[in-house]
Amino acid sequence: RAESDASHFSRALESDIPELNTRVKEQQTRLENPDFANKDKMSGEARQEVLTVLNEIESDVKKSADDAARFNRYQDVLKVEPTPFEEVDVLKADFQGLAKLWRGIDSWEEKSQMWNATPFGTVEVEEITKEVMQFNKTAVQSQKAMPDNDVPKEWGGDVAQFKNTLPVVVALRNKALKPRHWEQITAMIGRELDLEDENFTLGELLGMKVDQHMEEIQEISGKATAEVALE
């Protein structure tokens, strides 16, 4: 029985390892699909098409990784040097990087649409900040891992703008702000803010690009708090 197992494993490995290597090369080529680096594919149906392709590739990558592990087990039984299968490791890492990026963008689009529609007065800054920081981490990691891919750069810019708008929300909600402070803020951003308006949303604030004045607005708000303490 042991001998027949050994001969079965040997025969399997002779033909199966080259076949696996061929499959891995094909799958790696599929990961070089230009759509994965195309900014125009980031929204709507185009993004869903990219995600569908990634889902299809995922099952193939998993099978390759499972096969490599199985062949190593055969080699262990046969007491022969295990094949390292470095290409399989590279394939897995490259796939995981792309999947994390595109699935992150998909999740971000859904969440940010919801957040943008939230009235200014009810924005849960702390809760949203935690989630935004996670998205930001993924975007930054993706940019480092794929420096030639424009998609993580584009997405990272959107996430950073959102991230830098949240401290502005906190600063603008400061009850210590007096008309003189509001005049300074209005002059800076070029328009008046009606924060009491229930229809005024986080998305509108984001559209005003207030993130560009984050530090100045925080400074005005901080001074307002300090002035109250002195009064």
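Asp66 and Lys62 both belong to helix 2 and are four residues apart, about one turn of the helix; helices here are DSSP runs of H or I with at least four residues, numbered from the N terminus. Their side chains form a salt bridge with an N to O distance of 2.9 Å, where a salt bridge requires a side-chain nitrogen of Lys or Arg within 4 Å of a carboxyl oxygen of Asp or Glu. Asp66 is partly exposed at 39% relative accessible area, and Lys62 is exposed at 52%. The classes are buried under 20%, exposed over 50% and partly exposed in between, with a 1.4 Å probe and protein chains only.

A second pair of this kind is found in helix 5, where Asp150 and Lys153 are three residues apart, about one turn of the helix. The N to O distance of their salt bridge is 3.5 Å. Asp150 is partly exposed at 35% relative accessibility, and Lys153 is partly exposed at 40%.

## Basis of the model

The model is predicted: local features need pLDDT of at least 70 and side-chain atom pairs count only at pLDDT 80 or more, while totals for chains, interfaces and linings use all residues. Residues are numbered from 1 along each chain as its sequence is written, and side-chain values use heavy atoms, leaving out hydrogens and water.

## A link between helices, and a network

Asp60 forms a salt bridge with Arg30, with the closest N and O atoms 3.0 Å apart. This pair connects distant parts of the chain, Asp60 being in helix 2 and Arg30 in helix 1, 30 residues apart. Asp60 is partly exposed at 30% relative accessible area, as is Arg30 at 32%.

Salt bridges also join Glu19, Arg23, Lys63, Asp67 and Arg70 in a network. The count of salt bridges comes to 14.

## The nonpolar core

The largest nonpolar core has 62 residues, of which Trp102, Trp155, Phe162, Leu172 and Leu205 touch the most other members. Such a core is a set of buried Ala, Val, Leu, Ile, Met, Phe, Trp, Tyr and Cys residues joined through side-chain atoms within 4.5 Å. Among the helices that each supply at least two residues of this core are helix 1 (2-31), helix 2 (44-78), helix 5 (150-172) and helix 8 (214-230). Helix 3 gives the most, with ten residues.

Beyond its neighbours within four places in sequence, Leu205 is in contact with Phe120, Thr165, Val169, Leu172, Leu193, Phe200 and Val210; contact means heavy atoms within 4.5 Å.
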